[in-house]
Amino acid sequence: MTRITEGQFYEAQQQTRVVASRYIKAKDWPAAIDILYNVASSLLKAEQGGSGGDLSIFLVDVYKQAELVPDAANKGKLLALLRLFDAEEPTRKKFITEMIGYAQPLAFQLPRNIEFAANTSKMVCQIRLLPRR
């Protein structure tokens, strides 16, 4: 996170990708998820949507690779990241598509995933209507 506070956003993103990839190779899913979520969140808060969006999309990919069930904790992290995106950020649309796709294959097995997709859609509509803080 030091690189972010120093304004070295691209370097923070690239360093995070390298470290997360090492965790993924070792199948240390919790560590990969933790670093991706925290750095993506920090980058989005610093209004670095491209870098934060890239890591957010990478996080969804990790969920898929780890075959994690879209439970409340996993979905909560994704929704928290979505709230941090600027409405005009180009990576936001891909993140939303990936996020919904993560829950969709299990939608018929877990009724709550339909609720997740509906809540995501509702939140996307609300974010479009609200001015950026």
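Helices (H or I, at least four residues) and strands (E, at least two) are DSSP runs, numbered from the N terminus. By that rule the protein has seven helices and zero strands, in the order α-α-α-α-α-α-α from the N terminus on. This is a predicted model, in which local features need pLDDT of at least 70 and side-chain atom pairs count only at pLDDT 80 or more, while totals for chains, interfaces and linings use all residues. Residues are numbered from 1 along each chain as its sequence is written, and side-chain values use heavy atoms, with hydrogens and water left out.

**Whole protein**

- Of the 133 residues, 41% are buried, where buried means under 20% relative accessible area, exposed over 50%, and partly exposed in between (1.4 Å probe, protein chains only).
- The protein exposes about 7,800 Å², and carbon and sulfur atoms supply 54% of this area; accessible areas come from the Shrake-Rupley method with a 1.4 Å probe, and for residues only the protein chains shown count as cover.
- Among contacts (heavy atoms within 4.5 Å) with a separation of 6 or more, 64% are between residues 24 or more positions apart.

**Helix H2**

- An α-helix has 3.6 residues a turn, so residues three or four places apart point the same way.

**Helix H3**

- H3 covers residues 29-45, and its 17 residues reach 24 Å from first C-alpha to last, close to the 24 Å expected.
- The buried residues of H3 include Trp29, Ile33, Leu36, Tyr37, Val39, Leu43 and Leu44.

**Nonpolar core**

- A nonpolar core is a set of buried Ala, Val, Leu, Ile, Met, Phe, Trp, Tyr and Cys residues joined through side-chain atoms within 4.5 Å.
- The largest such core has 31 residues, of which Leu59, Val62, Leu78 and Phe95 touch the most other members.
- Two or more residues of this core come from each of H2, H3, H4, H5 and H6 (90-103).
- H3 gives the largest share of the core, nine residues.
- Leaving aside neighbours within four places in sequence, Phe95 is in contact with Ser56, Ile57, Val60, Leu78, Leu81, Leu82 and Phe85.

**Positive phi in loops and after helices**

- Lys27, in the loop between H2 and H3, has a positive phi of about 60° although it is not a glycine.
- Lys27 is exposed, with a relative accessible area of 59%.
- Glu47 follows H3 and has a positive phi, near 60°.
- Glu67, in the loop between H4 and H5, is a residue other than glycine with a positive phi, near 55°.
- Glu67 counts as exposed, at 68% relative accessibility.

Conventions
Expected span 1.5 Å × (residues − 1).
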